[in-house]
Amino acid sequence: MSASLTAELQRILERWQSRGVRTVSLSPGVAEAYFRRSPKPLPTVSVAPPPPRPAPRPAAPPPPKAEPPPPPPVAAAPVVASSLPVEGMGWEELQAKVASCEACKLRQGCTQTVFGVGDIHARLMFIGEGPGFDEDQQGIPFVGKAGQLLTKMIQAMQFSRDEVYIANIVKCRPPNNRNPEPDEVLCCLPYLRRQIELVKPEVIVVLGAVPLRELLGGRSIMRERGEWRDYHGIAVMPTFHPSYLLRVPTAKRQAWDDLQQVMQRLGKDPAQTTPRR
Ligand code: SF4
């Protein structure tokens, strides 16, 4: 396991811990690789309070010192299956790996996996949360109504869809468009991380709360949108998801402010964008 993957795993586990997740099971290979790389303990949490100390009995000799308890077992049910094998993979191998992936329960309920689309050498990358109905049907990210709005946003930024790369946190559609669950994200995130490594964009735009949380550890898209962040040396701009903008059109002004920052960073002049009627 690489240092960056170790740090990423540590960060994900700490984030879940702060969100109330009490235990996470890791496959033996993952746990072993983690401990080889990092002396930091996994943030697993005991679920029972410590027992009350017995009152000291002055007349009796002190009880023999108890043996320190063994460390809690880490390896258990194999929840993580896809964490490591993607390291070093090229595009074809990675795409085939995703297409055949059944590492989490999302695969059982979706039509097909939705890998990603666009220029594999793009300067600009957009990351959403997961496929919806239309994406699940077509196998392409952001093709429904929200996708059409994203296309307009990209064009307003003086790019075409073909010039950027678009991907999601999870590659299979969550049922009823619910947010992906922690174990699903843990299984699937290595694919996206590898996609980012291969594209090597100058800027990433994360769309909405889920990629903000899962990639950057952010807590509130409302408060944290519009502020530059860093993902392994890549500048990241969080902004609203197009689905939210369809529901709350008044937020488009803020989203456009965020996108203009991205344009300026990439050498585009927002003043050259033709206003939409
Ligand atoms: S969501 Fe990701 S990890 Fe889960 S089955 Fe689909 S491709 Fe595999």
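Tutor: Ala, Val, Leu, Ile, Met, Phe, Trp, Tyr, Cys and Pro count as nonpolar, Asp, Glu, Lys and Arg as charged, and the others, Gly among them, as polar. This is a predicted model, where local features need pLDDT of at least 70, side-chain atom pairs count only at pLDDT 80 or more, and totals for chains, interfaces and linings use all residues. Residues are numbered from 1 along each chain as its sequence is written.

Student: Okay! So how do the residues around the ligand divide into those classes?

Tutor: The shell around the ligand has 9 nonpolar, 2 polar and 4 charged residues.

Student: Which ones are the closest?

Tutor: Of the 15 residues that surround the ligand, the closest are C101, C104, R107, C172 and C188.

Student: Switching topic: how many helices and strands does the protein have?

Tutor: There are 11 helices and 6 strands. These are DSSP runs numbered from the N terminus: helices are H or I with at least four residues, strands are E with at least two.

Student: Is strand 2 buried or exposed?

Tutor: Buried: 5 of the 5 residues of strand 2 (residues 124-128) are buried, so strand 2 is largely enclosed by the rest of the structure. Buried means 20 or more other C-beta atoms within 10 Å of a residue's own, exposed means 12 or fewer, and partly exposed is in between, with C-beta atoms placed from the backbone. Over the 277 residues of the protein, 34% count as buried.

Student: Which way do the residues of strand 2 point?

Tutor: L124, F126 and G128 point one way, M125 and I127 the other, and all are buried. In a regular strand the side chains alternate between the two faces of the sheet.

Student: What does strand 2 pair with?

Tutor: Strand 2 pairs in the parallel sense with strand 4 (residues 203-207) over 4 bridges, and 4 bridges also join strand 2 to strand 3 (residues 165-168), again parallel. Pairing requires at least two DSSP bridges between the strands. M125 has I204 of strand 4 as its bridge partner, while I127 has A167 of strand 3.

Student: Last one: why does V236 count as buried?

Tutor: V236, in strand 6 (residues 234-239), counts as buried because of its 23 C-beta neighbours inside 10 Å.

How values were computed
A residue is near a molecule or strand if its C-beta atom, placed from the backbone, lies within 6 Å of it.
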